[in-house]
Amino acid sequence: MTRRRQHRTIGYYVWRIVLAFALVGGIFYYAPKIYARFEYLPIDEILANSVLKDRTFQAEVKEIKSGDVRAYLLEEHTNPIVSISFAFQNAGTAYEPENKFGLALMLTEMLTAGGGEYDAKEFKNVCAEHGIKIDFSVSADNFSGTLQFPKEFTAKAVEMFKAALYTPRFDETYLALVKKQQLLALQAQQERPEQVLATGFKKFIFAGHPYERDILGTKQDVLAIEAADLDEYRQKMLAQNNLLVGMAGDLTTDEAQQLLAQLFADLPPQASTEKLAALSIETTGEQQAIMRNSAQVVAKFAVQGTFRNSVDFYPLYLVNYIFGESGLTSRLNQKIREKEGLTYGVYTYLMINRSAALIAGGFSATPDNFARAIELLRQEWQRLGLEGVSEEELSQAKKALIEAYNLRFASTEGIADMLLAMQVYDLGIDFLQKRNDYIKEVTLHEANAAAKKYFNQVPDLMYIGILENEEKN
Amino acid sequence: MKRFVLFFTLCLTAVFPAYARLFKATEFNLSNGMPVVVIENHKAPLIKHMVWYKAGAVDEIRGKGGVAHLLEHLMFRGTKLMKKDEFNRQMDEMGAEHNAFTSFDVTVYHQLADVNKLEALMAMEADRMRNLAFDAEDFAAEQKIVYQERQQVVENNPAAPFNERLNLLLRGNSPYGQPITGQNDEIMALTFNDARDFYAQYYAPNNAFLVLSGDIEPDLAHMLAEKYYGKLPAAEIERAEPKAQTEVFKSTLEMALPNIKTTKTVQKFLLPPRKDLVGSYFDYMVLAEYLGGGETSALYQDLVVEQQAAVSVAADFYYLSRGNCVFSFSARPNEEENFNWAWFKQIFDDAVAQAMHNLTAEELEKVKRKMIADLVYVNDNPEDAAYWVGYSLAVGLTLAEVENFVEGIQGVSLDGVKEAYDQLLAAPRVDGLLKPQETTETAQ
């Protein structure tokens, strides 16, 4: 049988050529794309096979005592330096006497403005020439400080520190200068919108409670403070029974003990101060505005949070990390920054004082973006309260926080601060050993119970700026 | 004979180094020409991993201001191998603190992490050095974000117009006179291709260097760096040296701005680039420290404590630049009401002259001792050392110069500091006054 030869038209060949090109083109076009789907950076493999994977670290915290003064110590002999962080509890701005607001901050400056035989200039010169750093600072709760020095100048450091703490000069001329600086800082605080908002927000959230006070005090009070007030505050509020100390660096236990005695044994045994009653924050979604022109509207918001030793702490810590604390990967930054580009950044954090615990947050955006950013914030807030977080999000957050554990040991000063924080929050001497387990043990159920409990509240919000639909002046 | 003396000196310094090297760092090059510096710190199993690209805002084409910074943001938007936000998610999962910054001379990507993550950090950083793959959507979002960043960091600051105008006056036509963020309209006019082009032009291993600071030995660091970065192909890169400013001028800038509540004065002096300075840059550094480094400085003691004409005063010498160096004074005058600038300028200049007149060799030694005493802390936090070394190398200092910092300070003489002061007096200068708007409205 002969096959009948098909009649082939030009169109037939054109089609065959087109099909052949399409096929070859298709292979060339799609093959790399398909291949690329399987091509990835094998991070897990790299980590599992890394020559560095077994580097571990043991940090042993010891408790030392000298008389009634206790301290946490972490020996670190790599560098010949010593770092000490300390805090007098219930001696911060919330505990300042009436009509003397701004006193505690002024005291931080005046303690290093000369002591004993040294006038201010000489005091600062001697410290600088020996690399000795003495700094005092103040928060709402505590009057704190740090002392850092090269080990070879231990004796000098003790001498200077004792001069500051026990025999400050409070010279009148220097006091007048420090007052002027504080008054100028009060004025300068009204310049940047985020600073104006920060002071306004404290008054808004903590209305009627000492936490509403500004660290700089008020103009009237600052002018009224005298050397005798500073000295009275020093003697009444800085004592052994409200002192906590963290020591890190090139110290043996014996040396640390001796140092602890030298620095703090001369303090009076009892401070005349008592912890303020705990404050509960009730938010209703109230919104307040400070009307002032700026390129961006800046916002801050808060609801009631939980204290460091509550059973809710770790679940809430993880939930908040997922929601607004993990940087670019947080839910809020993903929605408001990464997708729509509405802001340079949005964040939340757990703000824990001795007498009040908050979940607080903030962001800033140009007026044209502000309403949309708020809308997304409210949506995400509500979604968290209703649906909680996913198993995957929770395990990612746990990994992140556990893997970041060692970062706290970067500097000797940071280690001393951490040792102090362990005591301020009463975490126990074995905190470093247990911390990762505290995180691991949080269940999805616990996390979502915390999400529901805390994110069902509606945050109060304050902003500074002029919104798009508002009159410009 | 000369050669013999040199040889002899070298032998001596090799056997008896006058001062210990500051960081005891190790440097080497990878096979593709990428330099690596390792600063060992075995206090804790941590690593600071920093990639420094020799490209910054001064390398931008005029009118494309902000592209170096926008590209820095886009570097977090995925590569051919790590899509979209996979980079950020992976960094988070490894517990790494990671970020980046753009300056005039350099763009830097960095992480602080557990050292057992170092290989992954290297793999990821090497990947985005050559394989960046952001799309139009990422570009559009990041463009909006860097615009918002400028609004937040620059424009929201009521003093920003003063700061930017003052810098422009001092730096004139130089790229150092432009804001690193770019101007608002420049940012919004940047295109996808502008960012791609900047990446293609400057991002290659031989135009970058790696700084590793922390729990790592140089040999191991070398092996790992070669494994991840050494394989990347080098590229042909031409980077122009910034032109030195040579113009001669004296300018003043007086601004009264809304929301400014305090008065501030500034004096800025334009000096030659570091390598063209008369004397050593250490002379100027010590001069700044003597005159206005903290509360023990000569000007603080005179103008703030004695005369009570100011509430604060400070001096600064900026030399970590490939362009001109800048020496500056800033002060907050004491009397806000009826402030007389001409009077204040006069007493300020007099105070500087008086301080120079009073300076003795003994006093100078004291200043130098203070500067050196503070160095005991630089090797504590691995991050501090990494920034110091990285910034120095990025602007053309050698590692040897960085290591011999103490020697540099020690070598400063009374004559050197006085000569540096004479150079200041002859230098182009801008005097600035920033004050609240209310008090001067009628005067203007």
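Me: Which residue of β10(B) does B:Leu271 stand opposite?
Reply: B:Leu271 stands opposite B:Cys325 in β10(B). The model is a predicted one, in which local features need pLDDT of at least 70, side-chain atom pairs count only at pLDDT 80 or more, and totals for chains, interfaces and linings use all residues. Residues are numbered from 1 along each chain as its sequence is written, and chains are lettered from A and ligands numbered from 1 in the order in which they are written.

Me: What makes β8 and β10 of chain B a pair?
Reply: Two strands pair if DSSP finds at least two bridges between them. Strand β8 (residues 264-273) and strand β10 (residues 324-333) of chain B are joined by eight bridges in the antiparallel sense, so they meet the definition.

Me: Why are β7 and β9 of chain B said to stand at the edges?
Reply: The open sheet of five strands runs in the order β7-β11-β8-β10-β9 (chain B), with mixed pairing. β7 (250-257) and β9 (310-318) each have a single partner strand, so one side of each lacks a neighbour in the sheet.

Me: Why is α3(A) called roughly perpendicular to α9(A)?
Reply: Helix α3 (residues 103-111) and helix α9 (residues 227-237) of chain A pack at about 90°, with their axes 10 Å apart. Angles of 65 to 115 degrees count as roughly perpendicular, those under 35 as roughly parallel, those over 145 as roughly antiparallel and the rest as oblique. That angle therefore makes α3(A) roughly perpendicular to α9(A).

Me: Which residues of α3(A) meet α9(A)?
Reply: A:Leu103, A:Met106, A:Leu107 and A:Met110 meet A:Asp229, A:Leu230, A:Tyr233 and A:Arg234 in α9(A).

Notes: Axes are lines fitted to C-alpha atoms, for helices over the stretch in contact, and angles run from 0 to 180 degrees between N-to-C directions. Helices (H or I, at least four residues) and strands (E, at least two) are DSSP runs, numbered from the N terminus. Two residues are in contact if their C-beta atoms, placed from the backbone, lie within 7 Å.
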